[in-house]
Amino acid sequence: MNKQEADILNILADHPFQNQRVLAEQSGRSLGIINKSLKSLKDEGFLTADYALTEKSRQLLKERSPKRAVILAAGFGMRMVPINLTTPKAMLEVKGERLIERLIRQLHEVNVTDITVVAGFLKDEFEYLIDDYGIKLVINKEYAGKNNLHSMACVTDLPGNIYIVPCDIWCEENPFRCHEAASWYMMADAADPETGFRVNRKEEVVRVGSKSQGRKAENEVETPHMIADRIPVSGTPEDMLRGQRMVGITYLVEEDWDIVKHRLDEMSLNARYDNLFWEESLFEAGKDRMMIPARVVSSDGVIEINTYEQLRDLDSGSGHLSSDAIDTIAEVFGIQPGEITDISMLKKGMTNRSFLFRVKGKKYIMRIPGEGTDQLIDRQEEAAVFRAISGLGFCDDPVYINPDTGFKITAFLEGVRSCDPENESDLRLCMKKLRTFHEMNLQVEHTFDIYGQIEFYESLWNGASSIYRDYATTKARVMELREYIEKQPKQWGLTHIDAVPDNFLFHQKDGKEVLQLTDWEYSGMQDPHVDLAMFSIYSLYSKAEVDHLIDIYFEGACDEEVRTKIYCYVALCGMLWSNWCEYKRQLGVEFGEYSLRQYRYAKDFYRYAKERMKNE
């Protein structure tokens with residue numbers, strides 16, 4: 001039974017046959033396809049001579065009828081900034097109803113009451129659904145560092161005949177049905193340049209440009225977004241189409257779900273699939289089309305809410321549009337919230353979340369403190385730093401900064417690129433800029449105490465033990481280095497502290513490339529040579545690369561004692577940020593290799609520093 005025949009059987013299960021023209025209108029298919037499908041269904045024994053359901057078709061529909069559903073609601077919903085700081089996307093209110101409650105209600109309307117919700121970010125927000133709607137709640141503990149393929153891997157113990165539903169979909173009409181004759185994947189009829197999939201004439205979901213691009217290498221994994229910009233160089237006009245919008249609602253009958261859940265179990269154990277969407281499991285290895293057909297719906301009635309503006313367009317009266325960040329922007333620029341446009345998420349930083357927006361034709365960036373940042377950053381001290389560097393050309397002065405909330409607005413710089421720590425020219429320019437800043441010996445009233453911060457971050461673990469078995473020994477050794485550092489002569493001035501490659505920004509101004517530093521949150525009085533250690537460990541430099549950076553900064557004239565002191569700082573800063581990563585880990589924010597490498601810097605550069613001390 002093909003897709004057209006399955007759809008016609010579904011229709012006839014609820015609407016007795018009148019004539020072919022009515023059936024064509026109900027199904028959205030041509031009379032030719034209707035006649036061909038009806039004949040095939042009769043020949044196969046699914047319809048009687050007068051197009052009524054036979055016992056065979058009733059048994060098929062009974063065997064394949066929907067039994068359960070999974071709603072995927074674990075992710076951060078980063079593109080919903082600034083709403084996502086306090087509200088999961090599933091809990092957004094649209095036209096007086098929360099998204100997830102509407103989906104649950106629509107499932108109940110077709111007698112699907114066995115519903116599992118996979119949560120992660122702000123998981124406690126979903127607990128009430130257990131009592132109010134009888135759902136089962138499954139927690140994806142890996143939501144922070146992995147994509148929703150791992151959410152689906154949490155529910156592979158469920159049987160089939162299952163709806164899979166993203167939590168951020170608003171459907172004007174119920175997308176679920178009492179009868180399902182076959183599996184399908186829902187696509188919208190509108191083009192979408194951000195997806196790499198489309199529906200072909202056979203109603204198959206295929207990768208855009210698959211005919212002209214050939215097969216991928218066996219070990220190459222591609223996500224929908226990786227394929228988004230692929231444009232075929234040959235093929236039919238249909239092949240030249242860009243992608244269509246992926247709605248994501250899916251139905252899988254038992255036999256298809258058995259295949260998919262086996263793939264999910266295997267893929268979830270392979271790190272190369274960590275950032276993939278679960279839909280990749282619908283593709284057989286090396287194939288360019290899904291194993292199940294498309295169900296195409298009107299894009300007008302099925303809306304995915306990914307951004308603040310999409311929510312505003314759908315429901316300007318939604319209570320979730322109220323946002324301190326949006327209100328602040330409106331007040332600063334003297335405008336109405338509706339005049340704030342082109343809101344989009346920037347890359348999530350390790351401390352903050354920031355988003356881009358446009359006001360009166362100009363683009364700006366709003367900085368919003370990240371999870372637990374209020375315990376890490378003193379915003380009054382940050383404001384003092386900006387007063388000290390104002391007008392000196394080290395950064396663009398903020399349009400707005402609030403020491404109480406941590407909100408900061410800066411002008412967006414066009415054509416910005418950050419320092420490439422592997423590029424020799426970039427390194428020389430950045431170290432020259434850094435040294436110029438250090439030589440100004442600016443002063444503020446607060447200090448960045450490395451030793452105190454190591455202890456402070458550890459205190460934020462709330463009594464939990466380190467994930468590293470030898471943490472106590474490693475920490476004790478690193479702290480021994482303080483005695484050597486204190487004996488060394490040093491300049492004491494304003495130090496950036498977070499002078500990492502990502503914070504050195506190159507941009508065009510008046511036809512010239514300008515270099516400046518950003519993110520001064522941790523800045524305070526300290527030995528400026530700490531900045532070299534911070535640059536090195538963020539870049540994940542080897543010992544030889546650390547030495548090379550030191551040589552660039554000192555123009556080949558670094559005293560041996562100073563080099564040893566910088567080694568000590570590398571060890572201390574590695575311990576510092578390792579402790580910071582462990583704190584963020586408790587908040588559900590993982591940094592993968594970065595966290596592990598910081599701990600290794602603490603251990604390795606302690607050893608390197610001690611070896612150098614013996615030879616001095």
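R207 forms a salt bridge with E280, and the closest N and O atoms of the two are 3.2 Å apart; the term salt bridge is used here for a side-chain nitrogen of Lys or Arg within 4 Å of a carboxyl oxygen of Asp or Glu. This pair links distant parts of the chain, since R207 sits in strand β10 (residues 204-207) while E280 sits in the loop between α9 and β12, 73 residues apart. Helices (H or I, at least four residues) and strands (E, at least two) are DSSP runs, numbered from the N terminus. R207 is buried, with a relative accessible area of 3%, and E280 also counts as buried because its relative accessibility is 9%. Buried means under 20% relative accessible area, exposed means over 50%, and partly exposed lies in between (1.4 Å probe, protein chains only).

## The model and its overall form

The structure is a predicted model, in which local features need pLDDT of at least 70 and side-chain atom pairs count only at pLDDT 80 or more, whereas totals for chains, interfaces and linings use all residues. Residues are numbered from 1 along each chain as its sequence is written, and side-chain values use heavy atoms, with hydrogens and water left out.

The secondary structure of the protein chain comes to 19 helices and 23 strands, and the C-alpha trace spans about 100 × 55 × 55 Å along its principal axes. Of the 616 residues in the protein chain, 55% are buried.

## Further salt bridges

In general, side chains of opposite charge can pair when their charged atoms come close. The structure holds 43 salt bridges, and one of them joins K146 to D274, with the closest N and O atoms 4.0 Å apart. K146 lies in the loop between β5 (136-139) and α7 (149-152) and D274 in the loop between α9 (254-267) and β12 (289-297), so this pair ties together parts that are 128 residues apart in sequence. K146 counts as partly exposed because its relative accessibility is 24%, whereas D274, at 16%, counts as buried.

Another salt bridge is formed by K565 and D527, whose closest N and O atoms are 2.8 Å apart. Because K565 lies in helix α18 (residues 560-586) and D527 in the loop between β23 (524-526) and α16 (530-538), the pair ties together parts that are 38 residues apart in sequence. K565 is buried, with a relative accessible area of 1%, and D527 is buried with a relative accessible area of 1%. Salt bridges can also be linked to one another, as in the network that contains K3, D7, R29 and E203.

## A negative patch on the surface

On the surface, D124, E125, E127, D131 and D132 gather in a patch of negative charge. Such patches are made of residues with over 30% relative accessible area and no salt bridge, where like charges are joined within 9 Å and nonpolar side chains (Val, Leu, Ile, Met, Phe, Trp, Tyr) within 5 Å. Within this group, E125 lies in the loop between β4 (114-119) and α6 (128-133), and it counts as partly exposed because its relative accessibility is 38%.

## Cysteines without a disulfide

A search of the whole structure finds zero disulfides, a disulfide being a pair of cysteine sulfur atoms within 2.5 Å. C167 is in no disulfide, and the nearest cysteine sulfur, that of C171, is 12 Å away. C167 counts as buried because its relative accessibility is 8%, and C171 counts as buried at 1%.

F176 lies in the loop between β7 (169-171) and β8 (184-191), where it is buried, with a relative accessible area of 4%. Although F176 and Q106 are 70 residues apart in sequence, they are 7.0 Å apart in space, C-alpha to C-alpha.

Most residues other than glycine have a negative phi. Y51, however, has a positive phi of about 70 degrees although it is not a glycine; Y51 lies in the loop between α3 (31-43) and α4 (55-64) and counts as buried because its relative accessibility is 18%. D519 has a positive phi of about 60 degrees, again without being a glycine, and D519 is found in the loop between β22 (512-517) and β23, where it counts as partly exposed at 27% relative accessibility.

Notes: Areas by Shrake-Rupley, 256 points an atom, 1.4 Å probe, with all protein chains shown as cover. Lys, Arg positive; Asp, Glu negative; His and termini not counted. Charge placed at Lys NZ, Arg CZ, Asp CG, Glu CD.
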